[in-house]
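Reader: I am new to reading models. Can you walk me through pockets, a helix and a salt bridge?

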Amino acid sequence: MKPKDKVTYIMIQNYIEQKYGFKVHSSYIAEVKRGLGLPMYDAKNAVEKLYQPRKHPTPEKVKTI
């Protein structure tokens, strides 16, 4: 049996752009996933300390994502 394919952030970004006509940043997708308690994967390029404060998506974008 083949394991399920992962839905990538790029796939989510492309879907939102095609369906709703605007782009979302990958950090917005991560913020929504974190808020919903969905599984997060370790990023190979993650940093210990953020250089800029985390930006939060607007309520409209949260609903869309």
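Author: We will take the features one by one. The model is predicted: local features need pLDDT of at least 70, side-chain atom pairs count only at pLDDT 80 or more, and totals for chains, interfaces and linings use all residues. Residues are numbered from 1 along each chain as its sequence is written, and side-chain values use heavy atoms, with hydrogens and water left out.

Reader: Which residues line the largest pocket?

Author: Lining residues have an atom within 4 Å of a point. There are 26 of them, and Tyr9, Ser26, Ser27, Ala30 and Ala43 lie nearest the centre. Helices are DSSP runs (H or I, at least four residues), numbered from the N terminus. α1 (9–20) and α2 (26–36) each supply at least two lining residues. α2 gives the most, with 6 residues.

Reader: How do the lining residues of the largest pocket divide?

Author: Ala, Val, Leu, Ile, Met, Phe, Trp, Tyr, Cys and Pro count as nonpolar; Asp, Glu, Lys and Arg as charged; the others, Gly among them, as polar. The lining of the largest pocket has 12 nonpolar, 6 polar and 8 charged residues. The second largest pocket has a volume of about 260 Å³. Its lining has 10 nonpolar, no polar and 4 charged residues.

Reader: How far does α1 reach?

Author: The expected span of a helix is 1.5 Å times one less than its number of residues. α1 has 12 residues and reaches 16 Å from first C-alpha to last, close to the 16 Å expected. Gly21 follows α1, with a positive phi near 80°.

Reader: Which residues form the salt bridge?

Author: A salt bridge puts a side-chain nitrogen of Lys or Arg within 4 Å of a carboxyl oxygen of Asp or Glu. The structure holds 1. Glu31 pairs with Arg34, the closest N and O atoms being 3.3 Å apart.

Reader: How many residues apart are Glu31 and Arg34?

Author: An α-helix has 3.6 residues a turn, so residues three or four places apart point the same way. Glu31 and Arg34 are 3 residues apart in helix α2, about one helical turn.

Reader: Is Glu31 buried or exposed?

Author: Buried means under 20% relative accessible area, exposed over 50%, partly exposed in between (1.4 Å probe, protein chains only). Glu31 is buried, at 19%. Arg34 is partly exposed, at 40%.

Technical notes. On a 1 Å grid over the protein atoms alone, a cavity is a set of points where a 1.4 Å probe fits but cannot get out, and a pocket is an open set with protein on both sides within 12 Å along at least five of seven lines; lining residues have an atom within 4 Å of a point. Grid points are joined across faces, edges and corners, and a volume is the space filled by probe spheres set on the points.
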